[in-house]
Amino acid sequence: MADNVRFTLNGEPVDVIGPSPMTTLLDWLRDHRGLRGTKEGCAEGDCGACTVVLEGDECHHEAINSCIALLGQMDGQSIRTVEGLIGKDGALHPVQRALAESDATQCGFCTPGFVMSAYAFASGGEPPEMELIHDALAGNLCRCTGYRPIVDAMRKVAGLATDSAAPPPARTVSPVFDGIFFAPRSLAELVALRAEHPDALLLAGGTDLGLLASRARKPPTAVIHVAHVPELNVVEAGEKHLAFGATVTYARAMPILVEAFPPLRTYLARLGSRQIRTLGTIGGNLGNASPIGDMPPVLLALETTVKLASRRGVRELPLEDFFVGYRKTALAPDEVIQSFRLPRLWPGETFHCDKVSKRRDQDISTVAGAYRLRVRNGRIEEARLAFGGMAATPKRARHAEAALLKDGFDAARAALAQDFQPIDDWRGTAAYRLQVAANLLRRLELRLAEPQRPVEVEAL
């Protein structure tokens with residue numbers, strides 16, 4: 001008997017028969033379920049018009065982009081769309097009422113997405129602080145620019161009690177949908193599938209892979225969905241090290257990473273949006289091996305090692321040896337990323353990171369930099385400087401590191417040209433990228449010299 005995708009939708013069980021598991025959740029909602037309140041604006045997870053909510057335990061709900069989520073990923077989830085928000089006796093839900101009473105609807109196209117982001121925000125019990133509201137809305141675009149009344153509505157719904165979710169259907173065995181969508185439930189099963197299907201794409205959160213089905217309209221021919229493998233979802237926060245399984249999401253990892261490395265608070269808040277961070281994984285970011293990925297420079301600077309698993313066993317290697325070429329890694333055809341591990345800062349060490357992009361929110365890096373230094377008596381004794389957007393791979397600036405230790409920051413800035421020969425593209429010219437990287441080292445120098453003095457201008 002074939003497996004069907006099963007989940008809970010607006011409180012009711014759903015058994016999907018017919019549509020491919022590679023269909024996007026958005027297309028299924030609109031075309032097969034007739035729920036057209038959820039909109040397609042960009043088809044790439046940027047505008048938030050497609051926002052729906054994954055409902056979890058203890059009334060904590062998280063927003064996601066349905067345009068880049070594959071239907072097969074939703075197996076075992078509890079999903080709510082804007083049509084499922086109903087108040088007592090069929091009246092408006094309090095979140096909907098707050099937006100309506102605040103005149104926050106404007107043309108109305110984006111409104112369902114804002115409603116669902118507000119619903120997720122309310123469930124988290126967060127206070128009505130502007131920074132948190134901005135973060136909660138960063139993944140939603142209002143083309144009418146009616147943000148002030150939307151923010152007013154967010155203040156009203158902050159901390160609003162939300163209902164618990166109906167329990168999703170449980171799986172006792174690992175399903176296979178249409179013979180092309182594999183969802184293993186153990187590491188042993190995963191590596192066996194990887195060996196048997198080396199050409200299948202590995203799917204974790206799908207925030208990048210989902211674009212094949214949404215924007216390109218060329219869904220993958222086969223995927224192995226790794227999100228349900230317990231060994232890949234482990235978090236260890238030890239006294240000296242942190243370790244994360246490859247499928248740990250940004251939303252789950254952020255509090256732990258920020259506690260250990262406070263400068264990541266601002267940096268990670270600019271990594272996608274809450275919708276992206278709900279499903280997106282750091283392991284997926286590493287496996288994608290994009291030269292402009294946000295996390296690789298950070299993890300390179302923090303001396304991260306990765307654990308790779310296959311039927312042959314496991315092996316570990318430094319992250320700097322993992323990236324071997326443009327979007328190429330040291331993964332063998334039968335291997336998967338199991339986890340990654342990084343040390344906490346030692347006494348005397350400091351860490352900073354920066355991201356430069358064409359817009360503040362919802363944009364990938366033009367240049368990203370991360371720096372871990374060991375300073376004693378005002379002298380830098382050890383340095384790890386890593387950059388993204390400067391080469392075919394995320395990369396350490398070894399010449400700049402050596403120059404910094406020997407002759408200081410001026411020499412380090414000059415040495416960047418020995419480490420990197422960037423390309424010209426629409427995000428920035430090679431000369432611009434080298435200048436930005438040098439300016440980031442100047443910013444780092446100022447941070448160390450005057451730690452209490454702000455060195456960034458957020459707005460004028």
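A residue is called buried here when its relative accessible area is under 20%. With that in hand, here are some notes on this predicted model.

1. Overall build. The protein chain contains 15 helices and 20 strands. Its radius of gyration is 23 Å, close to the 23 Å that the globule rule gives for 460 residues, so the chain is as compact as a globular protein of that length. Along the principal axes, the C-alpha atoms fill a box of roughly 70 × 55 × 45 Å.

2. Buried residues make up 54% of the 460 in the protein chain. Among contacts between residues at least 6 apart in sequence, 64% join residues at least 24 apart.

3. Charges. The protein chain carries 52 positive and 55 negative side chains. The centres of these two sets lie 3 Å apart.

4. Eight aromatic pairs are counted in total. One of them is F261 with F351: the ring centres are 5.8 Å apart and the planes meet at 65°, so this pair is edge-to-face. F261 sits in the loop between α8 (250–260) and α9 (264–269), while F351 belongs to strand β17 (residues 349–356), so the pair ties together parts that are 90 residues apart in sequence. Both F261 and F351 are buried.

5. F387 lies in strand β19 (residues 379–388) and F420 in the loop between α14 (409–419) and α15 (430–449), so parts 33 residues apart in sequence are tied together. F387 is buried at a relative accessible area of 0%, and F420 is buried at 2%. Ring pairs join Y371 to F387 and F420 in a cluster.

6. Helix α13. The buried residues of helix α13 (residues 398–407) are A400, E401, A403 and L404. An α-helix has 3.6 residues a turn, so residues three or four places apart point the same way. The buried residues of α13 pack against β18 (367–376), β19, β20 (395–396) and α14. After α13 comes G408, with a positive phi near 100°.

7. What surrounds K395? K395 is found in strand β20 and, at 33% relative accessibility, counts as partly exposed. Leaving aside residues up to four places away in sequence, K395 touches L300, L385, A386, F387, D419 and F420.

8. Two backbone angles worth a look. Most residues other than glycine have a negative phi. D103 has a positive phi, near 55°; D103 is found in the loop between α2 (94–101) and α3 (111–123). At 59% relative accessibility, D103 counts as exposed. E303 also has a positive phi, near 60°, and its place is in the loop between α12 (295–301) and β12 (305–310). E303 is partly exposed, with a relative accessible area of 38%.

Note on methods. Residues numbered from 1 in each chain as written. Predicted model: local features only at pLDDT ≥ 70, side-chain atom pairs only at ≥ 80, totals over all residues. Heavy atoms only, no water. Helix = DSSP H or I, 4+ residues; strand = E, 2+ residues; numbered from the N terminus. Rg over C-alpha atoms; globule rule 2.2 N^0.38 Å. Buried < 20%, exposed > 50% of the residue type's maximum accessible area, 1.4 Å probe, protein only. Contact = heavy atoms within 4.5 Å. Lys, Arg positive; Asp, Glu negative; His and termini not counted. Charge placed at Lys NZ, Arg CZ, Asp CG, Glu CD. Phe/Tyr/Trp six-rings, centres within 6.5 Å; stacked < 30°, edge-to-face > 60°.
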